[in-house]
Amino acid sequence: MLAPFALVSPHCSSGYTAPSSAALGDFLVQRAIQQQLYYNAQLGNEPMVHWLKRFRSHQHLDSFQRGEGRCGFPGTYSAAFDQLKTMPFTAYLEALGTEPDSSIEVSFVKPQRRLSARERANPFLNNQPPVIEVYDQPIIISKILTQLLNTADALVETWAFHFDEAERCDLERLANDRAEMKGLPSSLMLEHAELVKGGETAYSRLTGDEAMPLYGFDCRACDRFDTLRALSLLVDEVTALTPETAFDVAYLRREVAEDNADDGRDVNVNELLLKRRKARRAKFERGFVTGDDITKGEAARAAALSFLQNFCNEWVPKLVKGDARSSLVKGEYRHAPGMKEMRPEDAGVDAEEAFEELWEYADEGVQKMLGGEFVLPGVMGERLREIRAAVAAESKGTLLDLVAPELRKARIEYTDYVEADSDGLTTYERFHHQTKVDGSENETYSTAAIIAEMSID
């Protein structure tokens, strides 16, 4: 198991500490509350929306677009971390489970009867004041907690599946990035890209196209969570280096490679170009660190830590906040070649934007930094992705081994759950079993059959 580490070493000063794997349970319960708020608002159950978000002062978890009788867009339910005020999540479940049953007074305006044309002509009938009715809405805690735990159990299942997919995709991307000859898009890749565009993904197969409304944002939040933890581990790895071992890692190099490009023109022109090139390189190398390997190793380690500090200062707040736009809206932007999307300074981002920042360095070092010529941010991004794959596997273990048992314990202790009545199936396992029994889903409808139906050449 990967232990939690401080994101910033004593040599850095950004003051940010990466979340431990145990914080995943707090974030899962936070998202379960927000999912319940969305469901209740969608059903028009305003009393339950107000009670749930006011319990232990969690009004900030509701959508900022919410209005009476309507739920906000899923992206307006903030996916920022550390918003559960009663932590750890077991304390919140205990507080909710031990809350006594109560009732709240609800008042509403009774809808008026539709008047006929003759009745509307009658000023007495047409100007009747609204009728306000008042009733007591019972708050049965065991039912509320059962609904919340059902949602949380479904999140455990779907998030564990996503961590599996994230680990697999990261390892595949890593293998391609480290290959000497990069793979070109194949016909199979193009076919699968068309399927993804049409909504046929591994996630749609799991959920039967019935994913919870916030699930897409949850997956991106899980990637951000793992990226933050991977950053903390990478900083710890660089901090543990010594001048003697600095160049044992791939993202630190001893020397800058010589540029021996030949433009293929006549000898005289080549000599002129080489002379200019050597002059530019000499000017470029004036700020390079010289000396023995120990001196260079010490400078390389300090430069790597300084680069990571600057990187964390810029990207950690954005990763904590996250991008509130949907994947569809993000895909609508088409920037010009070589240009980046213009975003506000304080806008949140998803994990891939941070990886893209490192990838853009390619095989270049860091400019305008003492010892920056030894640091390869592009290769550092590959190492960060490798660490994130391991963190994703750990996060899945945290969900299944630590969070799920606590949810089950709360269900047994505080609800009317009878263990003997359980069928042992998870939410979506039960869903697939029911559709198979009903005959409403063809399990033999393979990817090849979908491609054939779409007539993809």
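I take contact to mean heavy atoms within 4.5 Å. The model I am reading is a predicted one.

**Entry 1: overall make-up**

I looked up the totals before any detail. I find 16 helices and two strands in the protein. Of its 457 residues, 42% count as buried. I then looked at contacts with a separation of 6 or more, and residues 24 or more positions apart account for 79% of them.

**Entry 2: helix 13**

Which residues of helix 13 are buried? Over residues 351-359 I note Ala 351, Ala 354, Phe 355, Glu 357 and Leu 358. Viewed down the axis of helix 13, these buried residues fall within an arc of 150°, so they line one face of the helix. I then asked what covers the buried residues of helix 13. The cover includes helix 9 (215-239), helix 11 (293-321) and helix 14 (377-414).

**Entry 3: helix 1**

I checked the span of helix 1, which runs over residues 23-42. Its 20 residues reach 29 Å from the first C-alpha to the last. That is close to the 28 Å expected at 1.5 Å a residue. Helix 1 is mostly covered, with 18 of its 20 residues buried. What follows helix 1 is Gly 44, and I read a positive phi there, near 75°.

**Entry 4: helix 3 against helix 6**

I took the pair formed by helix 3 (residues 89-97) and helix 6. Their axes lie 9 Å apart and the packing angle is about 150°. Angles over 145 degrees count as roughly antiparallel, and helix 3 and helix 6 are therefore roughly antiparallel to each other. From helix 3, the contact is made by Tyr 92, Leu 93, Leu 96 and Gly 97. From helix 6, Ile 141, Leu 145, Leu 148 and Leu 149 take part. I sorted the residues of this contact by class and got seven nonpolar, one polar and no charged.

**Entry 5: Asp 177**

Is Asp 177 buried or exposed? Asp 177 has 15% relative accessibility. Buried means under 20%, so Asp 177 counts as buried. Leaving out residues up to four places away in sequence, I find that Asp 177 touches Lys 182 and Glu 382.

**Entry 6: the loop between helix 2 and helix 3**

I went through the loop between helix 2 (46-54) and helix 3, where Pro 88 has its place. The peptide bond from Met 87 to Pro 88 is cis, and I note omega near 0°. Asp 82 is placed in the loop between helix 2 and helix 3 as well. Its phi is near 60°, a positive value in a residue other than glycine. Asp 82 counts as exposed because its relative accessibility is 62%, and the cut-off for exposed is over 50%.

**Entry 7: the loop between helix 13 and helix 14**

What is phi of Lys 368 near? I read 55°, again a positive value in a residue other than glycine. Lys 368 is located in the loop between helix 13 and helix 14. With 89% relative accessibility, Lys 368 counts as exposed.

Key
Residues numbered from 1 in each chain as written. Predicted model: local features only at pLDDT ≥ 70, side-chain atom pairs only at ≥ 80, totals over all residues. Heavy atoms only, no water. Buried < 20%, exposed > 50% of the residue type's maximum accessible area, 1.4 Å probe, protein only. Helix = DSSP H or I, 4+ residues; strand = E, 2+ residues; numbered from the N terminus. Arc of directions from axis to C-beta. Expected span 1.5 Å × (residues − 1). Axes fitted to C-alpha atoms, helices over the stretch in contact; angles between N-to-C directions. Parallel < 35°, antiparallel > 145°, perpendicular 65-115°, else oblique. Nonpolar A, V, L, I, M, F, W, Y, C, P; charged D, E, K, R; others polar.
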